[in-house]
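Here are my notes on the model you sent. They are set out as numbered points, to be read beside the coordinates.

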Amino acid sequence: SHGLTGVAEIYSYQAMSLAASGHFVMSITHSDKSAIGVKRKDGSFIPYDNEIAKLSSQKETYADSVEARRKQTAYRANELLAATEKLMTLNVGNIEELQELGLSFVGILDTSDVAAIGHSFGG
């Protein structure tokens, strides 16, 4: 999970190293407006929300910034859980996008050994 203004691609070195060691790697760029920007599959774009940072710089609105970050954390946790659940289904059935590429993970994923990594706001 990336930190504030980060994206999944900044972890490509770690992801490739883990994959080269035989691990199935899934990277997420969070769509909670904490990434520098997210281009969605449908072509729409989600920009970074700098307003929360502005709230945290003022004593009167600091508590609001904490609440906003907590909401982002909950959103990220739900994204991670949804992605992990989808990943688990690849062990029992394929999806069209993978079939078109001639790929299948059915029956070969070790779903008993799952880990998550991140740093800063994503750690």
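Which residue forms a salt bridge with E51?

1. The partner is K54, and the closest N and O atoms of the two residues are 3.3 Å apart. A salt bridge here is a side-chain nitrogen of Lys or Arg within 4 Å of a carboxyl oxygen of Asp or Glu. K54 and E51 are three residues apart in helix α2 (residues 51–56), so about one helical turn separates them. K54 is partly exposed at 42% relative accessibility, and E51 is partly exposed at 45%. Buried means under 20% relative accessible area, exposed over 50%, and partly exposed in between (1.4 Å probe, protein chains only).

2. On the basis of these notes: this is a predicted model, in which local features need pLDDT of at least 70 and side-chain atom pairs count only at pLDDT 80 or more, while totals for chains, interfaces and linings use all residues. Residues are numbered from 1 along each chain as its sequence is written, and side-chain values use heavy atoms, with hydrogens and water left out.

3. On the overall layout, the chain has four helices and two strands, in the order α-β-β-α-α-α along the sequence. Helices (H or I, at least four residues) and strands (E, at least two) are DSSP runs, numbered from the N terminus. The C-alpha atoms fill a box of roughly 55 × 30 × 25 Å, taken along the principal axes. Of the 123 residues in the chain, 25% are buried. Among contacts with a separation of 6 or more, 50% are accounted for by residues 24 or more positions apart; contact means heavy atoms within 4.5 Å.

4. The structure holds three salt bridges. One of them joins the side chains of D32 and R76 (2.9 Å, N to O). D32 lies in the loop between α1 and β1 and R76 in helix α3 (residues 62–89), so the pair ties together parts that are 44 residues apart in sequence. D32 is buried at 9% relative accessibility, and R76 is buried at 4%.

5. What does the side chain of S34 make polar contacts with? One partner is the side chain of D32, at 2.5 Å, and another is the side chain of R76, at 2.7 Å. A polar contact is a pair of N or O atoms within 3.5 Å; within protein, one must be able to donate a hydrogen and the other to accept it, and residues adjacent in sequence count only if both atoms are side-chain atoms. S34 sits in the loop between α1 (12–20) and β1 (37–39), and S34 counts as buried because its relative accessibility is 0%. Leaving aside neighbours within four places in sequence, the contacts of S34 include H2, G3, L4, T5, G6 and Y48.

6. Another salt bridge is formed by the side chains of E97 and K41 (3.6 Å, N to O). E97 lies in helix α4 and K41 in the loop between β1 and β2 (45–47), so this pair ties together parts that are 56 residues apart in sequence. E97 is partly exposed at 43% relative accessibility, whereas K41 is exposed at 79%.

7. A search of the whole structure finds one aromatic pair. The ring centres of F24 and F105 are 4.7 Å apart and the ring planes are at 90°, so the pair is edge-to-face. Rings of Phe, Tyr and Trp (its six-membered ring) pair if their centres lie within 6.5 Å; planes under 30 degrees apart count as stacked, over 60 as edge-to-face and the rest as tilted. F24 lies in the loop between α1 and β1 and F105 in the segment after α4 (96–100), so the pair ties together parts that are 81 residues apart in sequence. F24 is partly exposed, at 35% relative accessibility.

8. Two backbone angles deserve a look. Most residues other than glycine have a negative phi. K33, in the loop between α1 and β1, has a positive phi near 70°, and K33 is partly exposed at 41%. S120, in the segment after α4, has a positive phi of about 55°, and S120 is exposed at 63%.
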